[in-house]
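Take a look at the charged side chains in the model below. The walk-through starts with one pair and widens from there.

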Amino acid sequence: MLSLQEANGLDLDVMGSGFGFTPWGPDTCPSFAQLMAPTTTPTSSSSPCSSAGDAAEACGMTLEEEEAERRRRQRRKASNRLSARRSRARKQQRLEELRGTAAQLRAQKRELAARLGIAARHELAARRDNARLRAEFAALARRYREARRTLALQRLAQQLRSRARPVLQPAVGGSGVAPAFVPGPGAAMGLASLMT
């Protein structure tokens, strides 16, 4: 790398001789000192043509063209600022919409959780009632079967009594004959069926 003293000693005619590319013509090329001079204003653009009036003349621009270029840049900056402001406003509006949606969804979640708790309590109560009703049904079914069996036994006994034929037997200690009931032939079959 060349030091500053070595760079100052270089022949600048080589740059204009077609050896390297330069953006200026050979008659409007700025000097090495002009190229190496630091820019003092922070608002100046990076182009060497807009730093000063003599540099603008060296670049082939008039002061009117430089002023038009500066105004165009200012308009573009203002347009960019406005576009950025609009973009930030849209993002802020979208963020507010998303926050509102999130709040609504949280409220819906709380409401659904409460409804789910109520439904779970109702389900538990229904399960308890169902178990109680099943137990009552089993007890009632047992009582019904017992009552039916008792009724069948009563009917059978009644049938047995109605089918019995009276048999005359001598009365004890007397001179008369007292009737006695003897079961008929179908009574034994009915009694056997009830025993099983």
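How many residues apart in helix 5 are Arg71 and Glu67? The two are four residues apart, and so are separated by about one helical turn. The model is predicted. In it, Arg71 forms a salt bridge with Glu67, and the closest N and O atoms are 3.9 Å apart. That falls within the 4 Å cut-off for a salt bridge.

Glu67 has another partner. Its side chain also meets that of Arg70 in a salt bridge, at 2.0 Å from N to O. Here the spacing along helix 5 is three residues, again about one helical turn. The relative accessible area is 29% for Glu67, 36% for Arg70 and 41% for Arg71.

Next comes Glu69. This residue forms a salt bridge with Arg72, with 2.4 Å between the closest N and O atoms. Both lie in helix 5, three residues apart, about one turn of the helix. Glu69 is partly exposed at 21% relative accessible area. Arg72 is partly exposed too, at 36%. The structure holds nine salt bridges, counted as a whole.

Arg76, Lys77, Arg81, Arg85 and Arg88 form a positive surface patch. Arg76 sits in helix 5, which spans residues 63–163. Arg76 is partly exposed, with a relative accessible area of 42%, so the area condition is met.

Key: Residues numbered from 1 in each chain as written. Predicted model: local features only at pLDDT ≥ 70, side-chain atom pairs only at ≥ 80, totals over all residues. Heavy atoms only, no water. Patch = residues over 30% accessible without salt bridge, like charges linked within 9 Å, V, L, I, M, F, W, Y side chains within 5 Å. Areas by Shrake-Rupley, 256 points an atom, 1.4 Å probe, with all protein chains shown as cover. Lys, Arg positive; Asp, Glu negative; His and termini not counted. Charge placed at Lys NZ, Arg CZ, Asp CG, Glu CD. Buried < 20%, exposed > 50% of the residue type's maximum accessible area, 1.4 Å probe, protein only.
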